[in-house]
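Subject: Structure for your files

Dear colleague,

Here is the structure I promised to pass on. My notes on it follow below.

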Amino acid sequence: FFSPFVQMHRLPKLAFPRRLGAATFTAKTPGDFTRRTSIQFSVCNEAGGLLTPLSIFKEHNISLLQLQPRSVALNESSKAITMYCDFEGHTDDAHVQQCLAQLREITLFMTVVGSHKIPYYPSTIEELDFIEQKTLAAGEELQDDPENPHPGFHDEEYKTRRRAIVRAAQSYRHGDSIPRVEYSRQEIATWGAVWKELMKLFPTHTCRQYQYNFPLMVENCGYAPNNIPQLQDISEFLKHKTGFTIRPVAGLLSGRDFLNALAFRVFFSTQYIRHHSKPFYTPEPDVIHELMGHAPLFADPEFADFSQQIGLASLGASDEDIQRLATCYWFSVEFGLCRQDGKPRAYGAGLLSSFGEMSYALAPVLGDATPGICGASETPAPAPEYRPFDPFAAAQQPYPITTYQPVYYVADSFRDAEEQMRTFAQS
């Protein structure tokens with residue numbers, strides 16, 4: 001038997017989750033915290049033995065969430081029984097302290113198993129509607145970052161176009177049909193230019209799961225060099241394959257909001273495209289990154305399980321643990337390599353959607369003599385370092401955002417990575 005606040009970080013893998021944890025265990029709105037305490041206490045094993053302890057909870061207006069015997073007594077003549085009890089409140093609260101003090105006086109034994117302030121997390125897929133789509137970067141209004149300038153910042157026509165696409169995404173609610181975007185010739189040309197270069201690396205640099213599923217996206221979702229697929233078509237296909245669905249988003253979300261959605265097999269995707277002046281560079285996620293990088297692998301059952309495992313671990317996690325999980329996500333789902341046929345292959349979306357970084361990341365093992373270029377700069381990148389995938393180590397590894405990665409983690413398989421993430425989440 002585990003207390004609910006312990007169980008919430010050990011949620012089982014669910015193929016099509018709709019409700020994860022009872023609503024009574026979650027804060028009601030984003031930004032709130034739920035205060036939960038678990039104790040165990042022993043009382044005399046006699047008729048009415050629990051009445052006094054329970055009356056103390058009532059006296060202090062504390063709501064019990066669960067009361068359960070710790071174990072069955074070895075014999076009927078046992079003089080004591082031990083109970084596990086979960087209730088609302090935290091040991092920092094004065095009324096909880098008074099309640100615990102009284103319990104210590106009238107019980108044979110009492111100890112606090114744990115007391116937690118649990119951040120809000122959605123308990124149903126519908127509650128993803130409550131996530132405030134406040135983007136951390138770009139989105140509707142572009143920022144002019146001197147160290148990482150956005151190619152479209154001074155293009156008013158481009159910015160107006162993005163605002164229209166973003167506002168349609170912001171109006172989306174669970175169950176709606178995803179708004180379709182009529183992409184312009186210029187936008188399709190940008191997509192096509194990237195497609196052409198990525199296809200040169202498709203047979204040699206990408207993992208076999210990507211190679212298997214990408215043609216399925218062509219057959220079922222409208223993937224083509226002269227057509228940008230629609231999120232609704234992709235979402236319907238993925239739901240049939242693995243239970244994953246796509247949800248439109250205005251821009252880059254917080255790590256907590258983004259990871260929480262993965263627990264419900266929901267992937268937040270942008271719909272706007274990078275600026276046409278630099279088709280091979282973007283300082284932010286865009287529709288090319290989402291659809292060429294992420295979407296095809298969500299059709300793979302093992303990769304879908306692995307992604308959901310990261311999401312499940314994020315529910316109710318502390319800010320510090322969210323940062324560690326987001327870093328693991330970065331070194332796996334975004335920039336991960338997996339070993340196949342004795343050599344690393346790309347499965348991270350940041351690699352699969354960037355022919356420049358994918359060439360650079362695998363140059364040491366594929367003999368590509370072309371020097372890598374660091375992101376938007378013209379500075380040649382040094383050769384990358386490969387390390388075995390280890391979430392405990394990856395969670396502590398710093399990483400750059402606007403240049404090629406100096407370190408890549410190589411997983412033995414998606415299933416092995418999932419098991420490692422499960423162990424990491426329970427630590």
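In these notes, buried means under 20% relative accessible area, exposed means over 50%, and partly exposed covers what lies in between, with a 1.4 Å probe and protein chains only. This is a predicted model, in which local features need pLDDT of at least 70 and side-chain atom pairs count only at pLDDT 80 or more, while totals for chains, interfaces and linings use all residues. Residues are numbered from 1 along each chain as its sequence is written, and side-chain values use heavy atoms, with hydrogens and water left out.

Overall. The chain has 15 helices and ten strands; these are DSSP runs numbered from the N terminus, helices being H or I of at least four residues and strands E of at least two. Of the 427 residues in the chain, 52% are buried. Contact means heavy atoms within 4.5 Å. Among contacts between residues at least 6 apart in sequence, 68% join residues at least 24 apart.

Loops. Most residues other than glycine have a negative phi. N61 has a positive phi, near 55 degrees, and sits in the loop between α2 (51-59) and β2 (64-69). N61 counts as exposed because its relative accessible area is 70%. D341 is not a glycine either, and its phi is positive at about 55 degrees. The loop that holds D341 runs between β7 (337-340) and β8 (343-346). With a relative accessible area of 70%, D341 is exposed.

Helix packing. Axes are lines fitted to C-alpha atoms, for helices over the stretch in contact, and angles run from 0 to 180 degrees between N-to-C directions. Helix α5 (residues 185-205) packs with helix α13 (residues 355-366) at an angle of about 30 degrees, the axes being 11 Å apart. That makes α5 roughly parallel to α13 (angles under 35 degrees count as roughly parallel, over 145 as roughly antiparallel, 65 to 115 as roughly perpendicular and the rest as oblique). Their crossing is left-handed, a term used if the near helix is turned anticlockwise from the far one by less than a right angle, with right-handed used if clockwise. On the α5 side the contact is made by E197, L198, L201, T204 and H205, and on the α13 side by F355, M358, S359, L362 and L366.

α5 also packs with helix α9 (residues 287-294), at about 35 degrees and with the axes 11 Å apart; this crossing is right-handed. T190, W191, V194, W195, L198 and M199 of α5 meet V287, I288, L291 and M292 of α9.

Helix α8 (residues 255-262) and helix α10 (residues 301-314) pack at about 125 degrees, with axes 6 Å apart. That makes α8 oblique to α10, and the crossing is left-handed. The contact involves R256, L259, N260 and L262 of α8 with S307, Q308, I310, G311 and S314 of α10.

A buried methionine. M421 lies in helix α15 (residues 414-425) and counts as buried, at 1% relative accessibility. Leaving aside residues up to four places away in sequence, M421 touches F306, Q309, I310, L325, C328, F389 and P391. M421 and D390 are 31 residues apart in sequence, and their C-alpha atoms are 8.6 Å apart in space.

Regards
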